[in-house]
Amino acid sequence: MSKAFDIRRIINHIKRDVVLAKNTIGTTLLVSAGLLFMLCVFAQLWDKKLDSEEFMGAFGFIYFISGSLLSFSFFREAHNTKANQLYFTLPISPFERITAVWLTTAVLYTAVFSVMGLLVGGMSIFFGSLVLGADFAMSTLFSVGYWQAVAIYMTIQPVFLFGAITFKNNRIGKTLLFIIFTVLVFVLFNMVAYGLLNYGYDVFNGGPLRNQAMEKTESDLSVLGKGLFAIISGPIMLIVTYFKLVEREA
């Protein structure tokens, strides 16, 4: 196999993964579509309309949960003692393999789920207008909240790939524990940084400048904390997942 990066190998690997996981992918999308439809119809019972906040709340929740679960359906062959030899002898490099899996579970999944969400949202609005007498307003489905949901998923999703390749048993539970531990570390980091950077404001004794210190800390550390979390859970976790994959191949 050539060591040069080859997009064709990535495309072929994506096709292979999709074909092998077609039943899991199909079931996940069908269940997600059914849940989204019911939530959208239920939202129209009260005010006879489906606004963008209601739709994006249901869409974002199901989109995140389904994508997370779907991510764990990959790398199963890497943990199977009978199948991993064939899996790791495929003509593809670890970098190309992790790229293919990420494109499938993040980019391709997002595109397919978005189209499905639009269709299901439209069907629920049509059903609501026909049966419940709700307003027929398709233009209110997607809003800025869509891009926020996609950004959050793209940031967190590499953590689930890390869990999928790292843990052999109880992968979902162990990955959730890892996420909880990471969040607690960030909370502790913010608390320590808050105390160190604002010690002079006498915040621990309830000094008069406590509120000013809180505002300053929120404006300074919130951006820093979010940036660090995004970097660690995004590109750094992808790099760690790559090395875990190399370790599995060895």
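Trainee: What share of the 250 residues of the protein chain count as buried?

Mentor: This is a predicted model. The protein chain has 250 residues. The share of them that counts as buried is 40%.

Trainee: How many helices and how many strands does the secondary structure come to?

Mentor: Read along the sequence, the pattern is α-α-α-α-α-α-α-α-α. The secondary structure comes to 9 helices and 0 strands.

Trainee: Among contacts between residues at least 6 apart in sequence, what percentage join residues at least 24 apart?

Mentor: Take the contacts in the protein chain between residues at least 6 apart in sequence. Those that join residues at least 24 apart make up 78%.

Trainee: Are helices α3 and α7 roughly parallel or roughly antiparallel to each other?

Mentor: Two packed helices are described by the angle between their axes and the distance between the axes. Helix α3 covers residues 52–71 and helix α7 covers residues 144–166. Their axes lie 9 Å apart, at an angle of about 20°. An angle under 35 degrees counts as roughly parallel, so α3 and α7 are roughly parallel.

Trainee: Is the crossing of α3 and α7 left-handed or right-handed, and how many charged residues does their contact hold?

Mentor: The crossing of α3 and α7 is right-handed. Among the residues that make the contact are Phe59, Tyr63 and Phe64 of α3, and Tyr153, Ile156 and Phe160 of α7. The contact divides into 13 nonpolar and 6 polar residues.

Trainee: Which residues does Ser68 contact, leaving aside its neighbours within four places in sequence?

Mentor: Ser68 lies in helix α3. Ser68 is buried, with a relative accessible area of 7%. A polar atom of its side chain lies 2.7 Å from the backbone oxygen of Phe64. Leaving aside neighbours within four places in sequence, the contacts of Ser68 are Tyr153 and Phe160.

Trainee: Is α6 roughly parallel or roughly antiparallel to α7?

Mentor: Helix α6 spans residues 94–132. The axes of α6 and α7 come within 10 Å and cross at roughly 150°. Over 145 degrees counts as roughly antiparallel, so α6 is, relative to α7, roughly antiparallel.

Trainee: How many nonpolar residues are there in the contact of α6 with α7?

Mentor: α6 passes α7 in a right-handed crossing. Residues of α6 including Trp102, Tyr109 and Thr110 meet residues of α7 including Tyr146, Met154 and Pro158. The contact has 4 polar residues and no charged ones. Its nonpolar residues number 11.

Trainee: Which residues does Gly163 touch, not counting residues up to four places away in sequence?

Mentor: Gly163 is placed in helix α7. Its relative accessibility is 0%, so Gly163 counts as buried. Not counting residues up to four places away in sequence, Gly163 touches Phe72, Arg171 and Thr175.

Trainee: How far apart are the C-alpha atoms of Gly163 and Ile179?

Mentor: Gly163 and Ile179 are 16 residues apart along the chain. Their C-alpha atoms are separated by 9.9 Å.

Trainee: What is the phi of Phe75?

Mentor: Phe75 sits in the loop between α3 and α4. Phe75 is buried, with a relative accessible area of 4%. Most residues other than glycine have a negative phi. Phe75 is not a glycine, yet its phi is positive, about 70°.

Trainee: Which residues does Thr28 touch, not counting residues up to four places away in sequence?

Mentor: Thr28 lies in helix α2, residues 22–47. Its relative accessible area is 18%. Buried means under 20%, so Thr28 is buried. Not counting residues up to four places away in sequence, Thr28 touches Ser66 and Leu70.

Trainee: How far apart in space are Leu45 and Leu132, C-alpha to C-alpha?

Mentor: Leu45 is placed in helix α2. At 38% relative accessibility, Leu45 counts as partly exposed. Leu45 and Leu132 are 87 residues apart in sequence. In space, C-alpha to C-alpha, they are apart by 7.1 Å.

Trainee: How far apart in space are Ile236 and Val159, C-alpha to C-alpha?

Mentor: Ile236 lies in helix α9, residues 210–249. Ile236 is partly exposed, with a relative accessible area of 36%. In sequence, Ile236 and Val159 are 77 residues apart. In space, their C-alpha to C-alpha distance is 9.4 Å.

Terms used:
Residues numbered from 1 in each chain as written. Predicted model: local features only at pLDDT ≥ 70, side-chain atom pairs only at ≥ 80, totals over all residues. Heavy atoms only, no water. Axes fitted to C-alpha atoms, helices over the stretch in contact; angles between N-to-C directions. Helix = DSSP H or I, 4+ residues; strand = E, 2+ residues; numbered from the N terminus. Parallel < 35°, antiparallel > 145°, perpendicular 65-115°, else oblique. Left-handed = near helix turned anticlockwise from the far one by under 90°. Contact = heavy atoms within 4.5 Å. Nonpolar A, V, L, I, M, F, W, Y, C, P; charged D, E, K, R; others polar. Buried < 20%, exposed > 50% of the residue type's maximum accessible area, 1.4 Å probe, protein only. Polar contact = N/O pair within 3.5 Å; in protein donor to acceptor, adjacent residues only side chain to side chain.
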